[in-house]
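Reader: I am new to this structure and would like to know what stands behind the terms used for it. Please take me through a few of them.

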Amino acid sequence: MSVARFGGVAQFPGPARFVDGWMGRGFNFPYSTIDQLPSFQALDVLGRGVVQSGRLVLSSPILLEARLGVIRGLAESLTTAELESGDGRSWDGITMLRLRLEPPVDLGRVCSVAYTIDYAYLT
Amino acid sequence: MVVLDPQQVELSGAALSGVRSITIGRTPERLLEEWQDGGPFCIFADVARLRVTVKVVRWVGASELGAAVEPGEVSTLRFSVTGDGTASQRVQVQCVCSSVTHEAGIAESSGRMPSGVVQKIELRGVSFQPDDDPVVFSNTTGV
């Protein structure tokens with residue numbers, strides 16, 4: 001299994017797929033509750049964006065929570081870095097905008113959750 | 001798991017006679033499969049939810065009023081599996097009855113299954129804790 005990297009670090013243990021799409025103008029809502037909404041930021045997004053979808057796979061719920069915390073931090077701080085798909089494709093200078101989880105968190109042989117991450121080139 | 005002619009079968013604390021077979025199946029209720037760019041083959045699979053199905057088949061040779069268990073009823077199934085030596089295993093399954101059906105039996109030429117009624121009891125394994133297997137094995141020193 002090839003491993004995707006962001007900023008040179010394998011941030012996403014588990015399978016991932018990448019769609020190189022186009023975005024118009026995007027908005028970033030870094031807060032999770034409606035009463036924090038006044039502080040949302042509107043971002044200018046030009047050119048193409050990338051959507052990464054996959055499943056984070058860790059050996060325990062604690063490790064999964066920790067990994068989600070790291071990725072959430074990258075998204076909330078609008079981190080810009082090189083994104084590498086692991087199969088030869090890469091997008092340099094792209095910004096991680098948003099992490100979306102698709103519940104439930106599954107606990108079988110391993111602990112995993114499906115996710116989608118939006119990236120874009122910001123002006 | 002297939003057990004033919006299980007011994008000392010109990011359901012809800014009462015002895016269950018004429019049991020010919022007990023099967024325990026495990027099927028995925030939530031099967032996770034993932035693919036990745038670059039090829040057609042699945043690269044990740046896991047089973048996050050399991051369904052444990054127990055089927056008890058018994059021959060009923062005399063009239064019975066009422067069933068040993070009713071659909072929806074919580075019960076414990078216990079039986080012994082005899083090994084090739086003297087040791088045997090006791091199996092206990094915590095379950096909920098999902099169905100009780102009957103079929104007219106046909107006599108076998110061997111006489112092992114004489115004419116009568118075949119009763120099929122289907123049960124679903126349930127756990128008190130989500131990570132506890134409802135099927136528990138314990139070693140015994142004999143049947």
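Reader: What makes strand S9 (residues 135–140) of chain B hardly covered?

Author: This is a predicted model, and in it the count of buried residues among the six residues of S9(B) is zero. A residue is buried if 20 or more other C-beta atoms lie within 10 Å of its own, and no residue of S9(B) is counted as such.

Reader: How do you know that strand S7 (residues 88–104) of chain B and S9(B) pair?

Author: Two strands pair if at least two bridges are found between them. S7(B) and S9(B) have six bridges, in the antiparallel sense, so they pair. In one of these, B:Gln89 has B:Asn139 of S9(B) as its bridge partner.

Reader: What is the confidence in S9(B)?

Author: Its mean is 88, where confidence in chain B is lowest; the highest is in strand S4 (residues 19–34) of chain B, at 96. For chain B, the mean pLDDT is 88, and 88% of its residues reach 70 or more.

Reader: Why is A:Ala81 called partly exposed?

Author: A:Ala81, in strand S6 (residues 80–84) of chain A, has 19 C-beta neighbours inside 10 Å. Buried needs 20 or more and exposed 12 or fewer, so A:Ala81 counts as partly exposed.

Reader: Which residues is A:Ala81 in contact with, leaving aside its neighbours within four places in sequence?

Author: They are A:Phe6 and A:Gly7. A:Ala120, 39 residues from A:Ala81 in sequence, is 11 Å from A:Ala81, C-alpha to C-alpha.

Methods:
Residues numbered from 1 in each chain as written. Chains lettered and ligands numbered in written order. Predicted model: local features only at pLDDT ≥ 70, side-chain atom pairs only at ≥ 80, totals over all residues. Helix = DSSP H or I, 4+ residues; strand = E, 2+ residues; numbered from the N terminus. pLDDT = per-residue confidence, 0-100. Contact = placed C-beta atoms within 7 Å.
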